[in-house]
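Please read the following account alongside the sequence and the coordinates. It moves from the lining of a pocket to the packing of helices, and then to some details of the backbone.

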Amino acid sequence: MEQLFRNIKLLTNGKYTLPYCNCLLIEDEVNCLVDSSPPEEELIHLKGKTIDMIINSHGHSDHCSRNYAFPEAHVLLHPEEHERVESGEAYLHAYGFNHFPDNPLRPFYLEGVQYHSRAADGILSDGQVLSTGKIEFEVVHLPGHSIGHCGFLFPKEGFIFTADIHPEMKPFYAMVDSDVDDFILSIEKLLQLQPDILVAGHGNAVITKNISSKLAAYRDELFLREEKILKLLKAGKHTIEEIAAEAICFDGKFPEPRSIFFLHECIMDWKHLQRLERLGKVVCEDDKYYLVPGT
Ligand SMILES: [Zn+2]
């Protein structure tokens, strides 16, 4: 735990461990938790505390798995993320298990990510201002990672919480509603905001140095991956599975469990192929992708 600002604690262990994330605990007239899946050892800071409001950056289990543990809290989440926190089936669908149905770990996935169904009570929308009393913050819609992914801007304290946009990690967008163009625009939006302090949802949370150059490199990783996909198409790989086998989003080697990361790679490569189709560089025929001549 780190006292980030007056009234604002950061619940973190400084490591990237799933299914956990860095959370903010705002202790104010209204006690508010920003994301609810802190590392186990940080739960002690929530013990016996009344949480009046939970704000989720998005509906992934590593950001909202403990919503269920605070039945008294008013849970707010972007409307595009509501279905997946209510229904395990919707959650599996969002992660692409219905598009790539042969995954052997499907029956174990929800338990593995500590999924707990808990309906949201209200919505978040871009530009919405929330107050807990002394602390005010603004919702910044940052889609791409998932369609309703949001960050939270704390203007008085001078920081933005960016959840799963982490400029010291690699971009991840393995949902059927992820979108590479949205992801690029969200990173551009953060670049324009020029925050002095960026607080990310995993690993090393508080970033104060070289934020713009780190964000630009993070964005450029998306273009690098796209170049690699174009090369694979040129080399005769035409199906998503053939392209995904190269693990370009995981530096050539899938972490364990392999079948889950292979699924994530399939979805991310598919998202790039959709963008390349929109750009007129690729066409799709019978689930096979081909370069447009001249590309
Ligand atoms: Zn996420």
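**Pocket, helices and backbone**

Helix H1 (61-64), helix H4 (106-112), H6 and H8 each contribute at least two residues to the lining of the largest pocket. The model in which this pocket is found is a predicted one, and the pocket itself has a volume of about 840 Å³. Its lining comprises 32 residues, and those that lie nearest the centre of the pocket are Tyr16, Leu18, Phe172, Phe261 and His264. Helix H8 provides the largest share of this lining, namely four residues. Sorted by class, the lining of the largest pocket consists of 20 nonpolar, seven polar and five charged residues.

On the side of H6 the contact is made by Leu222, Phe223, Arg225, Glu226, Ile229, Leu230 and Leu233, while H8 brings Met268, Asp269, His272, Leu273, Arg275 and Leu276 to it. Taken by class, the residues of this contact between H6 and H8 are eight nonpolar, one polar and four charged.

How do the axes of H5 and H6 (residues 211-234) cross, and within what distance do they come? The two axes come within 9 Å and cross at roughly 165 degrees. Because angles over 145 degrees count as roughly antiparallel, H5 and H6 are roughly antiparallel to each other, and their crossing is left-handed. From H5 the residues that make the contact are Val180, Phe183, Ile184, Ile187, Glu188, Leu190 and Leu191, and they meet Ser212, Leu215, Ala216, Tyr218, Arg219, Leu222, Phe223 and Glu226 of H6. This contact of H5 with H6 is made up of eleven nonpolar residues, one polar residue and three charged residues.

Against H8 (residues 258-278), H5 packs at an angle of about 90 degrees, and the axes of the two helices are 8 Å apart. With that angle, H5 is therefore roughly perpendicular to H8. Here Val180, Asp181 and Ile184 of H5 are in contact with Lys271, His272, Arg275 and Arg278 of H8. By class, the contact of H5 with H8 holds two nonpolar residues, one polar residue and four charged residues.

Which residues line the largest cavity? Its lining is formed by Gly59, Ser61, Cys64, Ser65, Asn67, Val85, Tyr91, Tyr115, His116 and Arg118, and it divides into four nonpolar residues, five polar residues and one charged residue.

Leu18, which is among the residues nearest the centre of the largest pocket, is joined to Pro19 by a cis peptide bond with omega near 5 degrees, and Pro19 is found in the loop between strand E2 (8-11) and strand E3 (23-26). Another cis peptide bond links Glu256 to Pro257, with omega about -5 degrees, and the position of Pro257 is in the loop between helix H7 (240-244) and H8. Lastly, Asn7, although not a glycine, has a positive phi of about 75 degrees, and this residue lies in the loop between strand E1 (2-5) and E2.

Notes:
Residues are numbered from 1 along each chain as its sequence is written. This is a predicted model: local features need pLDDT of at least 70, side-chain atom pairs count only at pLDDT 80 or more; totals for chains, interfaces and linings use all residues. Side-chain values use heavy atoms; hydrogens and water are left out. Axes are lines fitted to C-alpha atoms, for helices over the stretch in contact, and angles run from 0 to 180 degrees between N-to-C directions. Angles under 35 degrees count as roughly parallel, over 145 as roughly antiparallel, 65 to 115 as roughly perpendicular and the rest as oblique. A crossing is left-handed if the near helix is turned anticlockwise from the far one by less than a right angle, and right-handed if clockwise. Contact means heavy atoms within 4.5 Å. Ala, Val, Leu, Ile, Met, Phe, Trp, Tyr, Cys and Pro count as nonpolar, Asp, Glu, Lys and Arg as charged, and the others, Gly among them, as polar. On a 1 Å grid over the protein atoms alone, a cavity is a set of points where a 1.4 Å probe fits but cannot get out, and a pocket is an open set with protein on both sides within 12 Å along at least five of seven lines; lining residues have an atom within 4 Å of a point. Grid points are joined across faces, edges and corners, and a volume is the space filled by probe spheres set on the points.
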